[in-house]
Amino acid sequence: MHGRGSERGLLAGLLGRVRAGRAEALVLRGEAGIGKTALLDDLAAAAGVPVLRATGAEAETGLPYAGLHQLLHPARDRLDGVPDGPREALRAALGLAAPAGADRFLVGLGVLGVLTELSAEGPVLCLVDDAQWLDRESADALLFAVRRLHAEPVGTVFAARDDGGVFPAPGLPDLVLGGLARDAAEALLGEAGLDISVRDRLLDEARGNPLALIELPRALSPEQRSGALPPLSMTFGDAEGAHGAVLRGFRQRIGALPTPARTCLLVAALDGTGDRDTVFAAAAALGAGIADFALAERAGLLHVGTARVELRHPLVRVAAQTVADIAERTAAHSALAAAGEGDGRVWHLASAATGPDQAIAAELDGIAGRADALGALSLASTAAERAADLSAEPESRTRRLTYAAAAALEAGRLDRAERLARRASLGDADAAAARRLAGVRALLEYERGLPRTAAAILVDEAAPLAAAQPAHLASVLARAAVYTWHCGHGPHQNQLFDRIERLPGRPPGSPLTGLVGGLRLTSAGDVAAAVPALAGYVSAMDDPGVPFPQRLSAAHVSLATGDHDRTHALACDLVAVCRAEGRITLLPQPLGLLAVAQMFLGEHRDAFATLHEAQLLAEDTGQRHRRGHLAGLLSWLHALSGDEEPTRALAGEAIASSADGERAANLAWAVQGLTALDMGRGDHEAVLERLDRESAGPARHSLTVQIYTAADHVEAAVRCGRSEAAAKPLAGFTAWADASGQPWARGVALRAAALVAGGDEELFTRALAEHARSAQQPLEHARTRLLFGEWLRRRQRRADAAAELSAALEVFERVGARAWAARAEGELKATGVHARGPVRSDPLSALTPQELQVVRLAATGASNRDIAARLFLSPRTVGYHLYKAFPKLGVSSRAELARFAT
């Protein structure tokens, strides 16, 4: 541990905080040999608490949940305390139960449950070395769990190569290890007994890398160590640095061994399991024996134990394989296949194959199917791709590549999915595979922010193939229509809708006809005319028996009807389905819709909590463009609260994810957020300029620009003395309000008309009467009261004005619209009313988003365990949030929470 005092101190601090009851996590990053493992060993030795350890192995990256097997093996007896769904998913992942086909992130919840159970008895430390070689499924599950540890005394330290791309861990702090300082390096190298000139040369070349300082002297002959001969054979000083020098040193030492000893190293390097019997049997089949293993062991390259054969360092594995030629590697794989069993045998057979082999391909299909059932989609994709490589028939090859691409896409590996989809040929696919391939390609384009291209793929490729199957066709066309609606405005939208409507096999008069026709009208800028058709589609889809994608599309288009109660109900149902079925990857979409409905219904704090969860899940599941969409929604919420800095930052993130407006929904929500911010600040010029521009831009057809900022457009135009600019948005919104039949919408339309008329008491009065007929859009109701109160004050009707302004202020403060509240309070003071009673602040405003979610559920009588299962937390974290929330709410028992139920 020469020269690692500061790093040891930092890790000791982490351990101290864990012992004090906090969850802590850290990623140690650094090049190979920099000392990551030594620091983990040192931390484990000093821990004084139970330690769970795992080490990633390059040969095990294709074994699903291999990392979890290692880490949780000592804790398998704690599975009984984990909730049912996550417990069964984790049992299947650990090979303790038959695969159930659950969402792979349920395994992460199972890991969270086990760590929670362990930490209930005291602090726990989890150490994961070589995390860059963890199998993808273990890495996903562990990171999912670690991000949800809050009140549990669990410390987690990952050690990984310093390239953030090989083990991405967003949200976790990094500690990057550099080389040792010169004095520490000298102290370490001083133990090697080198001539001073050789020592100085090695110090320069090792660059403070401890492994290089230890291993490079071993590669020198006695003459070189004494300085009698220069160590030129090491070829020091090239661009690869210490890592490359150590690797070359291992290669040189391996190359100097007799062929049988090299064979032993190669077999051990390719095996991956370390099982002594398997490695010895394979080596024996190639003519090597125990004496040859002894030679490799004396060379310091491997260690033979009673049950395992272990290489000295992961770089030895790399060196052994690169020293061998293709014939030697193929022979080693064949020998390992003959000596092995199970899936490992199949992988070695596949690696040894030099041409098509249908029998091996079929066995790889079996591996892919079993991995899929475990939620190990990365492995399923890898197995299917190798099976495709071994396929003799073009149709089988394309079918397997299509499956591999779909699995990679669902695993969040977009680049891999795209490469596989390009390799697959539609011309060689049967109808089912071709339809699936088209769906994969469409979803890839959509996830890249190109909904127009995605819609065209569905129309051109998937829909004709689905024409003979009405259920498939309805799903494909619903997706194509929604994608077309979501893309940037232009003539291509009409062209796509034309092609959708001309497709054969679509039943006339079906709900799908209403969806396509309604979205076409909306995209053309006539959302008022679209309302009846879209309302009909939403009603037809309001049935639990309708496939999830179509119900999701209905929830999206329900926003065009203005019925926010319906949107809320649909979104709640979809969220419940995702939670009940463990469909964590899909959950951010209905959560985003639920947040929109909550905002329109005045439940702004609940919307913050909902979006907080949606963003965390989108991050966990690798949904980059979904995060951009959610950022736009969050910008709107922050704008209503008057938080300028986060509003602009989040709006910028949403705009950046919109692909220059091609993904119009992301751009539209950013426009909504920036408009709300400027309206609250009274910057009407900025609002008018932005909405005039966006009314002719790529998001002009969005509901945001057509409907939900129309009243702002009107007010900004009037305030800027440009009433003529208010005519079009006023006419469009009024027509939509009449078509929707929503009282809140008619109230807003009448308010806007009153502004254009220069203030009309009758219109204001009628507007308030409409608002009073509905509980929807309380913020808009309050804004109408504010504008009416301002108009009354200017006419010296102070008592009437004060009544309206006070009512508006109460709503603004209740929903947290601070900028609007300040404006209402200023107007109220201008009426001469200074001594009004203090407005009671909502105690919920003091809660964090997660505390609010927990309190809302606890108020319904749900137990900590039930709440934990619903919010993907641990029961202990739920209890912690309640402990923090009680004093903020002024309560002392769960029974008192009933008044906070929604």
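Colleague: Which side chain does the side chain of Q777 join in a polar contact?

Modeller: That of H564, at 3.5 Å. A polar contact is a pair of N or O atoms within 3.5 Å; within protein, one must be able to donate a hydrogen and the other to accept it, and residues adjacent in sequence count only if both atoms are side-chain atoms. Bear in mind that this is a predicted model, where local features need pLDDT of at least 70, side-chain atom pairs count only at pLDDT 80 or more, and totals for chains, interfaces and linings use all residues. Residues are numbered from 1 along each chain as its sequence is written, and side-chain values use heavy atoms, with hydrogens and water left out.

Colleague: OK. Is Q777 buried or exposed?

Modeller: Buried, with a relative accessible area of 5%. The cut-offs are under 20% for buried, over 50% for exposed and partly exposed in between (1.4 Å probe, protein chains only).

Colleague: And where is Q777 found?

Modeller: In the loop between α40 (761–771) and α41 (778–794). Helices (H or I, at least four residues) and strands (E, at least two) are DSSP runs, numbered from the N terminus.

Colleague: What is Q777 in contact with, leaving aside neighbours within four places in sequence?

Modeller: H564, F600, L601, Y708 and W744. Contact means heavy atoms within 4.5 Å. F600, Y708 and W744 also belong to an aromatic cluster, along with W636, W669, F733 and W736. Rings of Phe, Tyr and Trp (its six-membered ring) pair if their centres lie within 6.5 Å.

Colleague: How many aromatic pairs does the structure hold?

Modeller: 14.

Colleague: Switching to strands: why is β3 largely enclosed?

Modeller: Six of the six residues of β3 (residues 124–129) are buried, so the rest of the structure largely encloses that strand. V124, C126 and V128 point one way, while L125, L127 and D129 point the other.

Colleague: Which strands pair with β3?

Modeller: β2 (residues 51–55) does, in the parallel sense over five bridges, and β4 (residues 154–160) also runs parallel to β3, joined by five bridges. Pairing takes at least two DSSP bridges between the strands.

Colleague: Last one: which ring has R148 over its face?

Modeller: That of F144, with R148 at 3.7 Å from the ring centre. The test is NZ of Lys or CZ of Arg within 6 Å of the ring centre and within 35 degrees of the ring normal. R663 does likewise over Y446, at 4.4 Å.

Technical notes. Rings of Phe, Tyr and Trp (its six-membered ring) pair if their centres lie within 6.5 Å; planes under 30 degrees apart count as stacked, over 60 as edge-to-face and the rest as tilted.
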